[in-house]
Amino acid sequence: MKWLFSLLFILSSSVSLAKEQINWLIIDFPPYYFNTDDKKLLGRDRSVIALLQQQLPNIDFTYQTIPGSRLIHDLTNPSNQFCFLSLYKTPERLQKIVFTQTSSTFGMAPTVMMLKEKAVKLNLMSHTHVSLKKLLIIDQLTLGLSPNRSFGNNLDVIINQAISAQIINRAGMDILENLVMMLHKERLDIVLGYPDEEMYLAQKHLINEDLRIFQLDEAPTYSRGYIGCTNTPKGAEHIALLDNALLNIYQTDDYQRVLTRWLPPLFHQQFNEFLLKATRTAPTKQ
């Protein structure tokens, strides 16, 4: 019987020593997540997760890469237990996802990208704001979109009002990159995204001189993303840990460098002023 008691002791010890795990979903979406040639995961959101890991040394972080089109499906499946960084809170998502109270990322609000020639035809000047509703409803432009992605309630409502023939969805990996290349080949008129991701892809393919980015009348100046975890008791525990960790990284230089690293220089001064104010007015730890 001694061997049995020894085995039970070893098993119980292994369980007690096992670390808590937070399982992160990762999508291939530069510059938030992308793989380098040596297969290292980098990017803005991946770097924020690394800062959170420093604050939670007793928690194991694991990662699972999936296509962006599967993100919400996998995150809301109650048989899973995943977390994802930088999500909009929407009424639909709040039913199936538990979110941090503290923002995980700050960024410029969604923008539209179009060919320079198209902007000239529409009499749009550089650095001016445009109306997404006008572009879709009046100008009848075709819009490239990543499926299952929210851009905030105001923009989501406008998109849903457009006729289906105007909306071009792409699934799978490298979604936004494919849409930007379709835009450059004049297979669609505008692409909705964020200035850092749009500019990154335009520069990657050396087409940035052919494209223009416009801020939107219907969008706020800035966007806030939150960490979302599967809405289970364990997910709620993870959110509590991550909320505290976020407050610890807010005032660090590393956090501020990560958020501006891939942002177009045009927005740096404006964004840095906002970020300083936002982090200073963040809620204090309980």
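Buried means under 20% relative accessible area, exposed over 50%, and partly exposed in between (1.4 Å probe, protein chains only). The views below show a predicted model, in which local features need pLDDT of at least 70, side-chain atom pairs count only at pLDDT 80 or more, and totals for chains, interfaces and linings use all residues. Residues are numbered from 1 along each chain as its sequence is written, and side-chain values use heavy atoms, with hydrogens and water left out.

**View 1. Overview of the chain.** The chain has 12 helices and 13 strands. Helices (H or I, at least four residues) and strands (E, at least two) are DSSP runs, numbered from the N terminus. Of its 286 residues, 50% count as buried. Contact means heavy atoms within 4.5 Å. Among contacts between residues at least 6 apart in sequence, 75% join residues at least 24 apart.

**View 2. Helix H9 and its buried residues.** In H9, the buried residues are Pro 195, Asp 196, Glu 197, Glu 198, Leu 201 and Ala 202. They pack against helix H2 (44-55), S6, strand S7 (111-115), H8, strand S11 (190-193) and S12. H9 lies across S7, S11 and S12 and runs at about 25° to S7. Axes are lines fitted to C-alpha atoms, for helices over the stretch in contact, and angles run from 0 to 180 degrees between N-to-C directions.

**View 3. The H8 and H9 crossing.** H8 and H9 pack at an angle of about 65°, and their axes are 10 Å apart. By class, their contact has three nonpolar, no polar and three charged residues. Here Ala, Val, Leu, Ile, Met, Phe, Trp, Tyr, Cys and Pro count as nonpolar, Asp, Glu, Lys and Arg as charged, and the others, Gly among them, as polar. From H8, Leu 176, Glu 177 and Val 180 meet Glu 197, Leu 201 and Lys 204 of H9. H8 passes H9 in a right-handed crossing. A crossing is right-handed if the near helix is turned clockwise from the far one by less than a right angle, and left-handed if anticlockwise.

**View 4. His 184 in helix H8.** His 184 lies in H8. With a relative accessible area of 27%, His 184 is partly exposed. Not counting residues up to four places away in sequence, His 184 touches Leu 115, Ile 207 and Asp 210. His 184 and Leu 115 are 69 residues apart in sequence, yet 6.8 Å apart in space, C-alpha to C-alpha.

**View 5. The six-stranded sheet.** This open sheet has the order S8-S12-S7-S11-S9-S10, with mixed pairing. Its edge strands, S8 (129-130) and S10 (167-169), each pair on one side only. Two strands pair if DSSP finds at least two bridges between them. S7 and S11 pair in the antiparallel sense over four bridges. Val 112 stands opposite Leu 192 in S11.

**View 6. Strands S6 and S13.** S6 (residues 97-108) is largely enclosed by the rest of the structure, because 11 of its 12 residues are buried. S6 and S13 run antiparallel and are joined by eight bridges. Phe 99 stands opposite Gly 228 in S13. Thr 230 is found in S13 (residues 222-230). Thr 230 is buried, at a relative accessible area of 1%. Leaving aside neighbours within four places in sequence, the contacts of Thr 230 include Leu 75, Asn 77, Phe 82, Lys 96, Val 98 and Gly 235.

**View 7. The largest nonpolar core.** A nonpolar core is a set of buried Ala, Val, Leu, Ile, Met, Phe, Trp, Tyr and Cys residues joined through side-chain atoms within 4.5 Å. Of the 87 residues in the largest one, Trp 24, Leu 52, Phe 61, Phe 106, Leu 132, Ile 227 and Leu 242 touch the most other members. Helix H8 (residues 175-184) gives the most to this core, with six residues. Beyond four places in sequence, Trp 24 touches residues including Leu 52, Phe 61, Phe 84, Ile 227 and Leu 242.

**View 8. Backbone exceptions.** Most residues other than glycine have a negative phi, and most peptide bonds are trans. The bond from Pro 30 to Pro 31 is cis, with omega near 0°. Pro 31 is found in the loop between strands S1 (20-27) and S2 (34-35). Ser 86, in strand S5 (residues 83-87), has a phi near 75°. Just after H9, Leu 206 takes a positive phi of about 60°. Leu 206 lies in the loop between H9 (195-204) and S12 (211-216). At 73% relative accessibility, Leu 206 counts as exposed.
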